[in-house]
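Please open the model in your viewer and keep the selection tool at hand. The stops below go from whole chain to single residues.

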Protein chains: 2
Amino acid sequence: MTGDAPIPSRPSPPTIRDVAREAGVTVGTASKALNGRGQLRTETRDRVRAAAEYLEFRPNELVKSLLRGRTYTVGLLSSAQGRFSLPLLTGIEDALGTAEIMVFFCYVDADSQQERNNIASLLAKQVDGLIVMGGRTDPRRPIDVGRSRVPIVYAYTHIDDPNALCLLPDDAQGARLAIDHLVGLGRRRIAHITGPDDFQAVHERRAGVDDALAAHGLSLPPNRFWGGSWSEGGGYQAVDELLDHEPDIDAIFCGNDQLARGAIDGLRERGKRVPADIAVVGFDNWEDLAEAARPPLTTVDMNLHDLGQEAARHLLAMVAGETPAGTHRLPCTLVVRASSG
Amino acid sequence: MTGDAPIPSRPSPPTIRDVAREAGVTVGTASKALNGRGQLRTETRDRVRAAAEYLEFRPNELVKSLLRGRTYTVGLLSSAQGRFSLPLLTGIEDALGTAEIMVFFCYVDADSQQERNNIASLLAKQVDGLIVMGGRTDPRRPIDVGRSRVPIVYAYTHIDDPNALCLLPDDAQGARLAIDHLVGLGRRRIAHITGPDDFQAVHERRAGVDDALAAHGLSLPPNRFWGGSWSEGGGYQAVDELLDHEPDIDAIFCGNDQLARGAIDGLRERGKRVPADIAVVGFDNWEDLAEAARPPLTTVDMNLHDLGQEAARHLLAMVAGETPAGTHRLPCTLVVRASSG
C-alpha cells in the first residue's frame with residue numbers, strides 16, 4: 001500500500017520567528033502583538049496578525065500549557081462498551097467542548113492493569129481532571145492516582161467514599177414514574193419483570209416499584225415478579241410464566257427495553273392485546289428498539305447525555321477549586337408511546 | 001453540592017529538583033540517572049531511581065514532547081454517533097494503546113464549524129496524526145488542515161482524492177458471501193430488501209448480490225427487490241409486498257439486521273417457517289438484535305473493530321514516514337445462525 005513516490009519532507013509548522021520575519025519586526029514585538037500585551041502601534045499589531053494569519057501560525061499549545069500550569073485536557077476512562085456509553089460520551093464532549101477542553105479517551109476494563117497504565121499516561125500528560133465512566137451503575141474500586149490531587153468524577157458508576165463525587169441515574173425515581181403512569185391509566189394488577197439479581201439497578205428499580213405501588217395502596221405479590229435476564233428471550237419467557245399463574249395481569253413494567261420487546265411479542269402470540277388488555281412499559285428508551293416495537297414502547301429515559309454533561313460541568317468546577325462530593329442521582333423521564341395507550 | 005470545608009491547596013507534582021534533593025545529588029546527576037545517560041556509579045543511579053519512585057515522580061510529558069517533536073497523541077474526529085462507532089473506536093484504541101499513544105476524541109458533525117474548530121484545537125496540540133471516522137460509508141469532503149502535513153486516515157468514510165488513505169468495509173464482498181451461502185443451501189428464488197437509495201452501501205451490496213447471483217446463473221427480478229428504509233417496520237412491510245407478488249421466494253437477503261428482524265416477524269405472522277420455507281440473512285451482526293431474533297439471525301459482520309485497528313496501524317506507519325494511499329475495502333465475514341438452517 002506504500003506508494004513509490006519519494007517521501008516528501010514534512011515542513012515544520014511556522015514559529016513565532018517566521019511570523020516576525022514575515023512582518024519585518026523582532027520576535028519580542030511579534031509576541032507582544034499576538035498576545036495583546038505591551039505598547040504597540042495599531043499598524044504594527046495589524047501587520048503581525050496578518051503575517052500570522054498568512055502563515056497559518058498556531059501558537060504552540062504545549063509551550064502555553066507549560067507556562068499556564070494547565071493543559072486544558074481531561075482524561076476519560078471508560079469501561080462502558082455498550083450503547084449506554086455513547087450518550088454519556090457525547091454529553092461529556094458537548095460540555096467540555098464549550099469550555100474548549102479536549103478529551104483523551106481511554107477504553108479500559110475497570111480495575112485492570114490496562115486501566116492503571118492509562119491512568120499513569122494521563123497523569124504524565126498533566127490532564128486537568130479525570131472522568132471515570134462505568135459500564136453499569138454498580139460500585140467499583142476507586143482508581144489509584146497515587147499522591148496526585150487531580151480532580152475525579154465518577155459517572156454511571158460509584159465508589160464507597162463520601163468525599164468522592166459520583167453521578168448516577170435515579171433508577172428508583174424512574175421506576176416510580178412508570179408505576180404512577182400505569183396506575184394513572186387505571187391499571188391495578190401490575191407485574192414487574194427485570195434483570196439478574198447482581199445488578200444494583202435491579203434492586204433500585206424494584207424499590208421504586210414497591211414504593212410507588214404502596215403509595216397507591218397496591219403491592220407486588222411474588223406471582224407478579226420475574227427476574228433473571230436482560231434479554232428479549234427473558235421477556236418472552238417471563239410473560240409465559242406470569243400469565244400461567246396470574247392471567248388477569250393488566251400491566252407489565254419491564255426493567256429494560258429488551259425485556260419489554262420480548263414481553264410484547266409473547267403477549268401478542270398468546271392473543272393478548274397491548275395495551276387494551278395489558279399495558280407495557282420499558283426502561284432505557286433505546287430508540288431503535290422502542291420505536292420498532294409493535295405497538296411502539298412507552299419507556300423510561302435515563303437522560304444519559306445530560307448525565308455526561310453534568311459530570312463534565314462538575315469536573316470543571318473542581319478544576320476551578322470547588323470540592324463537590326457525594327453520590328448524586330439525576331432524574332429520569334418517561335417517554336410515552338402506544339404500548340401504554 | 002459544594003462542601004463547606006476549606007479548599008485544600010493542591011500540591012504541585014514532584015519535579016526533578018525534588019528527586020535530586022531526596023537523593024542528595026545535583027539536578028544534573030538526577031537527570032542523567034533517570035535518562036540512563038552519562039557515567040554514574042550504579043549506587044548513585046539506584047538511589048536516584050528509588051527517590052523518583054518514592055516521590056511518584058512522573059517526567060513531564062509536555063517537556064519531553066517539546067524536545068522530541070512528537071506528542072504521542074492522535075486526534076479522532078468522529079461523526080458516527082450510532083452503534084457502528086463503538087467497535088471502530090475500541091479498535092483504534094487497542095492499536096494505539098499498544099503503541100502508547102493517547103487519543104483525543106472529538107464528536108463532531110462532518111463538515112461543520114464545530115469540526116473546523118476541533119481541527120484547529122488538535123493542530124494546536126501538535127497531534128501526530130488524525131483519524132476521520134464517518135457515520136456512514138458515503139463520501140465526504142476532505143478536512144481542511146491548511147498547510148499542515150499532519151498524516152490523515154479516513155475510516156468508514158472516504159474522500160475523492162487518490163492521495164488520501166481511506167478504509168471501508170467491503171460491502172459488495174459481504175453481500176456475495178450471503179448469496180453464496182444461500183445458493184449453497186439450495187435456495188434459488190432469492191429476494192433482496194434494503195435501505196434508502198441515497199446510501200452508497202445500498203448500491204455496493206446490491207452490486208454484490210447481482211454479481212454472486214450471476215455467477216450461479218441466477219438473477220434478481222424487480223419483483224424480488226424492495227428498498228426504502230433501514231427499519232424493522234420496513235422489513236415487515238417488504239415481506240408483505242414481496243410475498244403478494246412472488247409467493248414462492250425461498251430466501252431473503254436483507255441490507256441490515258433491523259430489516260431482517262422485521263422480515264422474520266412478518267414471515268412468522270404469514271405462517272411461513274424460517275428457515276424451512278424461507279431462509280433469512282441480515283447484514284451488520286448487531287448481536288443484541290441478531291441473537292434475539294426467532295430464530296437467531298445469520299448475518300454479515302463488517303469486522304469494524306479490525307477496521308479501526310487497521311486505520312490506527314496505517315496512521316502509525318504514516319507518522320513514521322510511509323505514504324500509503326487509496327481507498328481500501330476490508331473483508332466482511334458471515335456469522336451463521338439458525339435463520340439460514
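Begin by selecting chain A and colouring by secondary structure, which comes to twelve helices and twelve strands; helices (H or I, at least four residues) and strands (E, at least two) are DSSP runs, numbered from the N terminus. This is a predicted model, in which local features need pLDDT of at least 70 and side-chain atom pairs count only at pLDDT 80 or more, while totals for chains, interfaces and linings use all residues. Residues are numbered from 1 along each chain as its sequence is written, and chains are lettered from A and ligands numbered from 1 in the order in which they are written.

**Chain A as a whole**

With chain A still selected, its C-alpha trace spans about 90 × 50 × 45 Å along the principal axes. The radius of gyration of chain A is 27 Å, whereas a compact globule of 341 residues would have one near 20 Å; the radius is taken over C-alpha atoms, and the globule rule is 2.2 Å times the number of residues to the power 0.38. Of the 341 residues of chain A, 46% count as buried, a residue being buried if 20 or more other C-beta atoms lie within 10 Å of its own, exposed if 12 or fewer, and partly exposed in between, with C-beta atoms placed from the backbone. Among contacts in chain A with a separation of 6 or more, 72% come from residues 24 or more positions apart; two residues are in contact if their C-beta atoms, placed from the backbone, lie within 7 Å.

Next, colour chain A by domain: domain 1 covers 16–59, domain 2 covers 69–169 + 304–328, and domain 3 covers 171–302 + 336–340, with bounds that come from an automatic or database domain assignment. The centres of domain 1 and domain 2 of chain A, taken over C-alpha atoms, are separated by 39 Å.

**The sheet across both chains**

Now show chain B as well and select the strands of the open sheet, which has twelve strands in the order β11(A)-β5(A)-β4(A)-β3(A)-β1(A)-β2(A)-β2(B)-β1(B)-β3(B)-β4(B)-β5(B)-β11(B), with mixed pairing. At the edges stand β11 (326–330) of chain A and β11 (326–330) of chain B, each with a single partner strand, so one side of each is left without a neighbour in the sheet. From one strand to the next the twist averages 25 degrees, where axes are lines fitted to C-alpha atoms, for helices over the stretch in contact, and angles run from 0 to 180 degrees between N-to-C directions. Two strands pair if DSSP finds at least two bridges between them; in chain B, strand β1 (residues 73–78) and strand β2 (residues 102–107) run parallel and are joined by six bridges. Zoom in on B:Leu77, which stands opposite B:Cys106 in β2(B).

**Helices of chain A**

Select helix α7 (residues 171–184) of chain A, whose 14 residues reach 20 Å from first C-alpha to last, close to the 20 Å expected at 1.5 Å a residue; the expected span is 1.5 Å times one less than the number of residues. Ten of the 14 residues of α7(A) are buried, so that the helix is mostly covered, and among them are A:Ala175, A:Leu177, A:Ile179 and A:Leu182. After α7(A) comes A:Gly186, with a positive phi near 95 degrees.

Move to A:Ala263 in helix α10 (residues 257–269) of chain A. A:Ala263 is buried, with 33 other C-beta atoms within 10 Å. Its contacts, leaving aside neighbours within four places in sequence, include A:Ile193, A:Val239 and A:Val280. For a contrast, select A:Arg313 in helix α12 (residues 304–319) of chain A, which counts as partly exposed, with 17 C-beta neighbours inside 10 Å.

**Backbone details**

Most residues other than glycine have a negative phi, and most peptide bonds are trans. Select A:Tyr156, where phi is positive, near 60 degrees; this residue lies in the loop between β4 (152–155) and β5 (165–169) of chain A and counts as buried, with 26 C-beta neighbours inside 10 Å. Which peptide bond that ends at A:Pro275 is cis? The bond from A:Val274 to A:Pro275 is cis, with omega near 5 degrees, and A:Pro275 sits in the loop between α10 and β9 (279–283) of chain A. Finish in chain B with the cis bond from B:Arg294 to B:Pro295, where omega is near 0 degrees.
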